[in-house]
Every structure is written in C-alpha cells, then in structure tokens.
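Reader: I would like to learn how to read a few features of a protein model, one at a time. Could you take me through them slowly?

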Amino acid sequence: MPKIKLKRQPKPKKPALPAPGCMVLPEDSRMPTARMKLPPQPPRTPAPRVKSSKVKVSRTEVEGRLMTAMRTLRAMPDRERRFFIVKSSSPDYVQESVTAYASVEDIGPRFQPSPADVSDCLYALAWVRHLDRAAWQILWWRSFELSFGVIGKYIGRSDETARKRFETAITDAWIAANV
C-alpha cells in the first residue's frame, strides 16, 4: 500500500525580531514589503500660448535665440546683489594651490549683448517657461557651451540621453513659439 503524504498546513508567520539594541518603530509594522512603489509620472503639460506674430520660427532659430537669451540673462547686471554683501573679518575661503597663485589667467571674453538681444530675451524665455526644472537645467548648461558628455555626467546619464532631452526641450520651445 502506497504512503499518502499529507499537506502541511502553513505556519503562522512570526514577526521578525529586531537586531539586538534596535527598536521596532510603529511605522515599521505598516510596511508590507521592502519595495517602494513610485507614483506614476504626471502627464506632460502642453506649452502655454505665447502671443506671436504670424511668422513661423524654425527649430535652429529657436535654439539660437534661447541660447542667446540665456547668455543675455547672465550678462545683465543684478541690481539687488549689493544687498547680499556680508562684511566680516574672516577670509572669504581657503584657496587651493591651483587657484591661489593665479595659475590660470586665461579668461574668455565676456558676452556683450546687443540691444536687440536684450529686447528679445524675455520673449524667447517665455517659450520655455512651461518646462520642468530638469529640462530647464539642461538648456541652461548647454548655454554655457558644455558638451553633452559633461551634461550627461551631471545628470547621471549617457551623453545620448542628454542630447535627446535637450532636443525634446528645444522641440517643446519650438511648439510654444509657433502656436
């Protein structure tokens, strides 16, 4: 006569004991798993309408005007900067040997915006006001003429990902410019 195996009844799970010297907090008992679920990505918001003329703007022109607008924004004087001056007797910061002895004296020419650049600055920046912070940051770094490899290192992704995100941001600005 063959032996019949009986099914084992599952044992009730005991709560895991904490390591010696550790406390069990009340919020620890509420977590059913160790995995966290991320919320779904919010839907992309369409670009806001910018009052524009009937003239269509090309993508390369949008990119050029945006980069010029960001350089103009950096070159404009900040009138409120004088209020943030803190006077103290301590030195500003400890200099390293590379910068302390003026080892690098090659300073590039500063961008001098024309009056047309100044008047176009806010108009061009209105095209990217709907972008999220990450896309704006990539555009800002690119206005410093950083390569996509360096931008990719800043965001922790490859240079191709940085290039695609830059192109997506430029496309969004182009759509906003031509609506």
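Author: Let us begin with a charge and a ring: Arg142 lies over the face of Phe166, at 5.9 Å from the ring centre, where a charge sits over a ring if NZ of Lys or CZ of Arg is within 6 Å of the ring centre and within 35 degrees of the ring normal. Likewise, Arg74 lies over the face of Trp140, at 5.0 Å from the ring centre. Please keep in mind that this is a predicted model, in which local features need pLDDT of at least 70 and side-chain atom pairs count only at pLDDT 80 or more, while totals for chains, interfaces and linings use all residues. Residues are numbered from 1 along each chain as its sequence is written, and side-chain values use heavy atoms, with hydrogens and water left out.

Reader: At what angle do helix α4 and helix α6 pack?

Author: Two packed helices are described by the angle between their axes and the distance between the axes. Here α4 (residues 133-143) and α6 (residues 159-177) pack at about 100 degrees, with their axes 9 Å apart; the axes are lines fitted to C-alpha atoms over the stretch in contact, and angles run from 0 to 180 degrees between N-to-C directions. That makes α4 roughly perpendicular to α6, a term used for 65 to 115 degrees. Helices are DSSP runs (H or I, at least four residues), numbered from the N terminus.

Reader: Which residues in α4 and α6 meet?

Author: Ala135, Ile138, Leu139 and Arg142 in α4 meet Ala162, Arg165, Phe166, Ala169 and Ile170 in α6, contact meaning heavy atoms within 4.5 Å.

Reader: How are the rings of Trp140 and Phe144 placed?

Author: A pair of aromatic rings is described by the distance of the centres and the angle of the planes. Rings of Phe, Tyr and Trp (its six-membered ring) pair if their centres lie within 6.5 Å; planes under 30 degrees apart count as stacked, over 60 as edge-to-face and the rest as tilted. By this rule the count comes to five aromatic pairs. The centres of Trp140 and Phe144 are 5.8 Å apart and their planes are at 80 degrees, so the pair is edge-to-face. Together with Trp136, Trp140 and Phe144 form one aromatic cluster.

Reader: Is Glu145 buried or exposed?

Author: Glu145 is exposed, with a relative accessible area of 63%, whereas Phe144 is partly exposed, at 42%; buried means under 20%, exposed over 50%, and partly exposed in between (1.4 Å probe, protein chains only). Most residues other than glycine have a negative phi. Glu145, however, has a positive phi of about 65 degrees although it is not a glycine, and Glu145 lies in the loop between α4 and α5 (148-155).

Terms used: Helix = DSSP H or I, 4+ residues; strand = E, 2+ residues; numbered from the N terminus. Parallel < 35°, antiparallel > 145°, perpendicular 65-115°, else oblique.
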